[in-house]
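Colleague: I am new to reading protein models. Could you walk me through one, feature by feature?

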Amino acid sequence: MYPEYRKVLETAKIESAPAAPSTAAPRSQRNSENTELHILPVQGNVYMLVGAGGNITVQVGSTGVLLVDTGLAQYSDKVIAAIRTLSDKPIHYIINTHVHPDHVGGNETLAKTGGGSAREVTLVNTPGETAAYSVQIIAHQNVFDRMSAAAAGQKPYPESAWPTDTYLGTEKEVYFNGEAVQMFHPPAAHTDGDTIAFFRRSDVVSTGDIFVTNGYPIIDLKNGGSLQGEIDGLNHILDLAIPAHHEEGGTYIIPGHGRLCDEFDVLEYRDMVTIVRDRIQAMIKKGLTLDQVKAARPTLDYDPRYNTPGGFWTADMFVEAAYKSLTPTK
Amino acid sequence: MNNVTLLRLAGAALLLAATLPAQDLFDGEWSPLHHEDYNERIPGPDLGDFAGLPINDSARAFAESWDASRLTLQEHQCRVHVSPYIYHGPLHLRIWEEKDPTTQQLIAIKNYISTYEQTRTIWMDGRPHPPDYAVHTFMGFSTGKWEGNILTVYTSHIKQGWARRNGLPESDQATMTEHFLRHGNIMTHVTILSDPVYLSEPLIRTDDFLLDDKQLGGWLWPCEYVEEILMRPKGAVPNYLPGQNKFLYEYADKHKLPHAAVMGGAVNYVSRISKGVGNGED
């Protein structure tokens with residue numbers, strides 16, 4: 001969950017939503033009506049769709065459309081309209097980077113209407129048998145577990161929004177539109193169900209909320225995230241990225257929120273998170289309490305850039321999550 | 001012809017001269033003159049010398065934590081000086097104009113900067129700057145216009161970089177206004193840097209260049225990153241924990257300056273320090 005979504009929550013009237021978690025999908029369309037979505041061509045077959053909550057990665061080609069994340073539910077019609085300006089072919093795959101509603105909120109609508117009507121196909125490898133064709137929603141197993149089970153005080157997502165193709169290990173892959181797409185799962189990073197998607201031919205990485213440019217990383221402890229996992233995830237992104245010339249260009253990085261980036265941007269962000277970890281870890285070793293750590297302002301040098309006072313995810317919240325994540329449980 | 005008419009004609013002529021496009025004014029190859037800010041530009045700034053820059057507390061904290069060993073990390077080894085800083089260093093500079101082959105209208109003014117082999121484009125065709133979700137680059141996105149014989153350039157979408165290369169940061173939210181002025185064979189380059197993240201007020205700097213069409217070589221800057229520190233733990237980022245940077249006051253102590261005097265910030269400008277203001281005595 002991220003600031004845009006939080007803003008929606010703050011301004012929208014939350015109604016009973018039988019088809020989605022009550023805190024996850026405000027049904028008011030007030031904001032979405034006035035919000036403009038933007039498409040940014042990234043590289044190769046890949047585009048970045050901005051404005052629907054979390055960034056959506058769109059890969060188009062002769063076979064169809066593959067999406068990484070689907071944004072907030074209320075923007076689904078606009079998302080489909082934007083995709084249709086790039087391709088009139090059906091959506092075949094949706095990859096979910098994690099469980100938050102600003103990234104999976106559009107699953108249901110996009111899977112139903114973006115893929116075209118479900119139809120039967122003959123299975124070549126099993127003569128005489130048929131199967132219903134539909135959009136495949138790929139995610140780590142932990143995303144499925146969290147979407148299908150209601151958290152305290154929340155309703156589960158509707159079944160039609162759940163991942164249909166999950167993986168348990170650290171990697172998964174598909175080949176689509178003439179391109180290998182690799183998925184990597186850094187354990188316990190932003191959440192415990194994160195996926196980083198790497199488009200190998202287009203040379204684009206879609207990171208989900210492990211990397212954002214408009215705030216400190218959210219360490220969602222309740223959903224299994226951890227500070228060290230977050231740093232490991234950022235280092236994994238750096239491993240995938242290769243700059244073209246003097247640390248610029250080459251592999252492009254689509255963050256969960258914010259602007260398009262390349263390796264150097266991830267590098268500075270990774271440095272920041274690592275340095276803040278080092279400081280908080282040293283303070284914990286000295287026996288400082290959480291309040292003492294907060295008072296020491298371990299994020300002072302980065303606050304004007306990443307802190308949003310009074311916002312959804314402040315420097316204090318980041319420090320608190322980092323402190324709790326680094327404090328050994330007794 | 002009366003005096004009023006003469007005055008009007010002279011005024012019109014001046015106006016015409018001021019508004020004529022100054023085509024080709026900067027075309028050629030230029031070498032930097034390093035007399036200004038020499039110590040910072042050529043040997044390089046001392047660690048802990050933040051004087052003269054209107055930095056805020058966050059910038060100072062960033063620099064206090066900065067360990068030069070960070071430059072040994074592979075991804076940092078070929079990092080480019082951002083456009084507000086790159087003209088400050090040693091470089092060869094080539095400037096030329098790019099024109100529409102059909103209309104001969106000026107499309108862009110190009111700068112090739114030998115340091116890090118950077119080609120910078122200053123768009124002169126009135127195009128808008130990219131949206132805020134577009135990628136940032138080391139040179140940023142620049143648009144220019146002629147103000148008489150002065151080329152004025154506005155740059156946005158710059159990557160994070162240096163305000164001074166001893167750890168003082170410049171954020172990716174910074175923007176820059178530049179003025180290129182020519183006096184004979186000398187070109188003065190004025191940069192006005194605004195950084196809402198790390199500066200409390202705009203930072204204004206000037207550099208001078210000499211027209212030098214006989215430069216030999218020195219136009220390439222190959223850079224290939226290598227493993228410099230073996231066995232370093234993966235993901236380690238060299239940095240000083242708060243209060244542990246033993247080099248922080250080395251420069252101040254060497255020159256017998258009050259520590260506060262070299263810590264930067266608008267309040268600590270030299271003229272104020274000399275009056276005992278801003279160095280802890282006020």
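Modeller: Start with a strand pair. In chain B, strand E7 (residues 161–164) and strand E8 (residues 168–170) pair in the antiparallel sense over 3 bridges. Two strands count as paired if DSSP finds at least two bridges between them. Strands (E, at least two residues) and helices (H or I, at least four) are DSSP runs, numbered from the N terminus.

Colleague: Which residue in E8(B) stands opposite Trp162(B)?

Modeller: Pro169(B) stands opposite Trp162(B). The hairpin of E7(B) and E8(B) has 3 residues between the strands. Gly167(B) takes a positive phi near 110 degrees there.

Colleague: What kind of model is this, and how do I find my place in it?

Modeller: This is a predicted model: local features need pLDDT of at least 70, side-chain atom pairs count only at pLDDT 80 or more, and totals for chains, interfaces and linings use all residues. Residues are numbered from 1 along each chain as its sequence is written, while chains are lettered from A and ligands numbered from 1 in the order in which they are written.

Colleague: What is the mean pLDDT of chain A?

Modeller: First the term: pLDDT is the predictor's confidence in each residue, from 0 to 100. The mean for chain A is 88, and 84% of its residues reach 70 or more. Over residues 1–31 of chain A, pLDDT stays under 50. Where pLDDT is low, the predicted coordinates should not be read in detail.

Colleague: How many helices and strands does chain A have?

Modeller: Chain A has 11 helices and 15 strands. Among its 330 residues, 53% are buried. Buried means that 20 or more other C-beta atoms lie within 10 Å of the residue's own; exposed means 12 or fewer, partly exposed is in between, and C-beta atoms are placed from the backbone.

Colleague: And contacts?

Modeller: Two residues are in contact if their C-beta atoms, placed from the backbone, lie within 7 Å. Take the contacts in chain A with a separation of 6 or more: residues 24 or more positions apart account for 64% of them.

Colleague: Which strands form the open sheet of chain A, and in what order?

Modeller: The order is E1-E2-E3-E4-E5-E8-E9, 7 strands with mixed pairing. Strand E1 (38–43) and strand E9 (165–167) of chain A are the edges, each pairing on one side only. On average, neighbouring strands of this sheet are turned by 20 degrees against each other, direction ignored. Axes are lines fitted to C-alpha atoms, for helices over the stretch in contact, and angles run from 0 to 180 degrees between N-to-C directions.

Colleague: Where is there a parallel pair?

Modeller: Look at strand E5 (residues 91–95) and strand E8 (residues 136–140) of chain A, which pair in the parallel sense over 3 bridges. Ile94(A) has Ile137(A) in E8(A) as its bridge partner. Helix H6 (residues 141–148) of chain A packs on the sheet, touching E8 and E9 of chain A. The direction of H6 makes about 105 degrees with that of E8(A).

Colleague: How do I read the faces of a helix?

Modeller: An α-helix has 3.6 residues a turn, so residues three or four places apart point the same way. Now try helix H3 (residues 76–84) of chain A: Ser76(A), Val79(A), Ala82(A) and Ile83(A) are buried. Seen down the axis of H3(A), these residues fall within an arc of 120 degrees, so they line one face of the helix. That arc is taken from the directions from the helix axis to the C-beta atoms. The face turned away from the buried side carries the exposed residues Ala81(A) and Arg84(A).

Colleague: Why does Ala82(A) count as buried?

Modeller: Ala82(A) is buried because 21 other C-beta atoms lie within 10 Å. Leaving aside neighbours within four places in sequence, Ala82(A) is in contact with Leu37(A), Ile39(A) and Leu49(A).

Colleague: Which strands make the closed barrel in chain B?

Modeller: The 9 strands run E1-E2-E3-E4-E5-E6-E9-E10-E11, with mixed pairing. From one strand to the next, the twist averages 30 degrees. In chain B, strand E10 (residues 186–194) and strand E11 (residues 203–211) pair in the antiparallel sense over 8 bridges. There, Ile186(B) stands opposite Leu210(B) in E11(B).

Colleague: How many residues does each chain bring to the contact between them?

Modeller: Chain B brings 32 residues and chain A brings 29 residues. Helix H3 (residues 57–65) of chain B gives the largest share of the chain B side, 5 residues. One residue of that helix is Ala61(B). Leaving aside neighbours within four places in sequence, Ala61(B) is in contact with Leu300(A) and Asp301(A).
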